[in-house]
Amino acid sequence: MTTLYQTELTQTSAASRTDWFYIRSTAILLTSMVCCSFVIRIAVVASSFLSIAAPSPDHGEFGAEMGWVARSLALGHGFSSPFFPSTGPTALVPPLFPYLLAAVFRMFGLYTAKSAFVILSLDSLFSALTCIPVYLSLKYAAGERPAQLAGWLWVIYPFAIYFSGAEIWDYALTSFLFATCFCLAQRLHLQEHFSAWFGFGILYGVTALSNPSVLSMFPFLLLTALWKVAGVGCRRLLRGIVTVVAIILVVGLWAIRNDRVMRTASPIRDGFWLEFWAGNSGDTFTSNPAWAHPASNPVEMQKFEAEGETAYLAQKRAIAVSFVSYHPLLFIGVSLRRAVRFWTGFWSFRLSYLQFEPLDVPNVFFCTCITLFMLRGIWRWWKEDRTHANPFLMMLLIFPVPYYLTHASMDYRQPIEPQIVILVTIGLFGIRNWTASADSHKVKDFQSSASTSLTRDDEALMGGRRIL
């Protein structure tokens, strides 16, 4: 018996040490990624925050519509005035980031250099923390080595660095939240407790309040998780209901606010038809002409103030729908151009356009390369493992559709940029050997645990015989 107890204690302590070393090494790895990522982004913040906080007539560099609503909140005027003049209550932007920015304004001053540094630092922190769901997503699907490569690629990814360290908007916050939701959705079918499904719905609702564009992926991610759930259909249905109820609780509260205050049915924001009209007004010089927005056109601003937000948007809807109905071929052609721009950055190489957008040429080269590696990655993954590749493929097909219909640019890709980096990693380094290696390790672990269990049972039986 003494020998048996010593053997069991030795095996248990060895397993515990292995688990501890693994957890510790993973924690060190992720901490290193986050710290390196944050340092790089803070360096960009240090070079950009003063220019953002520089005095200007409307402080448009300070988050534009997000910043103007945050200013109204900080001054105690409620969620209102999405442009520099005071125009009353609004639902033109989602609420999460303006409330965060308003809190910064209250603590560090309205449009001050301190506020610019703090909010950009928070954005940089969100972007740095995104390394964690990027790593965990690919580790679950393909193993340790590709997960590490994807995490480090996110550390140095130019789009992530720029849009978190030099732009005040919801980019980094939404990317972090959606990457976390995507990572959790991969494992959601393994959760037996309803609280886990409810928590996922709550988190996804919060993510939608940061940027409602992610809602297009919610039904598919949920249905995929439910399809993987083992057990009878009733339990699947209950899990789905719990998750949907949770997201409705979060989004529904803001929808009720919009219905009561704005007198319109807009669950999160009501600006779609303004963006649709801006992209389908007949002006194709750029994907998103500046004159179509009240913030940059005094005539449109006067209309917005005179008519009010709800009536103004209703008018834009009528004009845009009428234009598309009379020019369907033009709408289809421009939508195809927007799809190309979303994935390549290309809109036009005319000299007059390039004078207006001088950085488009290098951006087209970089963005096109990223897209080619991304497509190579999803193709490789689809051939080797459709189960894990399917959510990424559906994301590429579903998420961009609203931007094909309105207008497209690189900033609209930011919510799914972490998943793009994962696919780029696979496109660069492949998938076959990694998935095979990951599966073999899982088999070895299972065989090892099974043999250990059998050994313990045999020893216990032998010990019992010795006692007899």
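**Notebook: helix packing and cavities**

I began with helix H6 (residues 144–155) and helix H20 (residues 417–429), which pack at an angle of about 125° with their axes 9 Å apart. This is a predicted model, where local features need pLDDT of at least 70, side-chain atom pairs count only at pLDDT 80 or more, and totals for chains, interfaces and linings use all residues. Residues are numbered from 1 along each chain as its sequence is written, and side-chain values use heavy atoms, with hydrogens and water left out.

My terms for helix pairs: helices (H or I, at least four residues) and strands (E, at least two) are DSSP runs, numbered from the N terminus. Axes are lines fitted to C-alpha atoms, for helices over the stretch in contact, and angles run from 0 to 180 degrees between N-to-C directions.

**H6 and H20**

I class H6 and H20 as oblique to each other, given their angle. (Under 35 degrees is roughly parallel, over 145 roughly antiparallel, 65 to 115 roughly perpendicular, the rest oblique.) Their crossing is right-handed. (Right-handed means the near helix is turned clockwise from the far one by less than a right angle; anticlockwise is left-handed.) I then listed the contact (heavy atoms within 4.5 Å). H6 brings Pro146, Leu149, Ala150, Leu153 and Trp154, and H20 brings Glu417, Pro418, Val421, Val424, Thr425 and Phe429. By class I get 9 nonpolar, 1 polar and 1 charged residues. (Ala, Val, Leu, Ile, Met, Phe, Trp, Tyr, Cys and Pro count as nonpolar, Asp, Glu, Lys and Arg as charged, the others, Gly among them, as polar.)

**H14 and its partners**

Next I took helix H12 (residues 272–279) against helix H14 (residues 309–326): about 40°, axes 8 Å apart. That angle makes H12 oblique to H14. The crossing of H12 and H14 is left-handed. From H12 I noted Trp273, Leu274, Phe276 and Trp277. The H14 side includes Tyr312, Lys316, Arg317 and Val324. The contact of H12 with H14 has 10 nonpolar, no polar and 2 charged residues.

I followed H14 on to helix H15 (residues 328–344). Their axes come within 5 Å and cross at roughly 100°. H14 and H15 are therefore roughly perpendicular to each other. Phe323, Val324, Ser325 and Tyr326 of H14 meet Pro328, Leu330 and Phe331 of H15. I count that contact as 6 nonpolar, 1 polar and no charged residues.

**Cavities**

I searched the whole structure and found 3 cavities of 30 Å³ or more. (A volume is the space filled by probe spheres set on the points, which are joined across faces, edges and corners.)

Helix H8 (171–187), helix H10 (218–228) and helix H18 (386–398) each supply at least two residues of the largest cavity's lining. H10 gives the largest share, 4 residues. Among the lining residues I noted Tyr140, Phe182, Gln186, Lys228 and His388. The lining of the largest cavity has 6 nonpolar, 4 polar and 1 charged residues.

The second largest cavity holds about 50 Å³. Its lining includes Phe126, Trp154, Phe163, Tyr171 and Gln414. Helix H4 (113–129), helix H7 (158–165) and H8 give two or more residues to that lining. By class, the lining of the second largest cavity divides into 7 nonpolar, 5 polar and no charged.

Conventions:
On a 1 Å grid over the protein atoms alone, a cavity is a set of points where a 1.4 Å probe fits but cannot get out, and a pocket is an open set with protein on both sides within 12 Å along at least five of seven lines; lining residues have an atom within 4 Å of a point.
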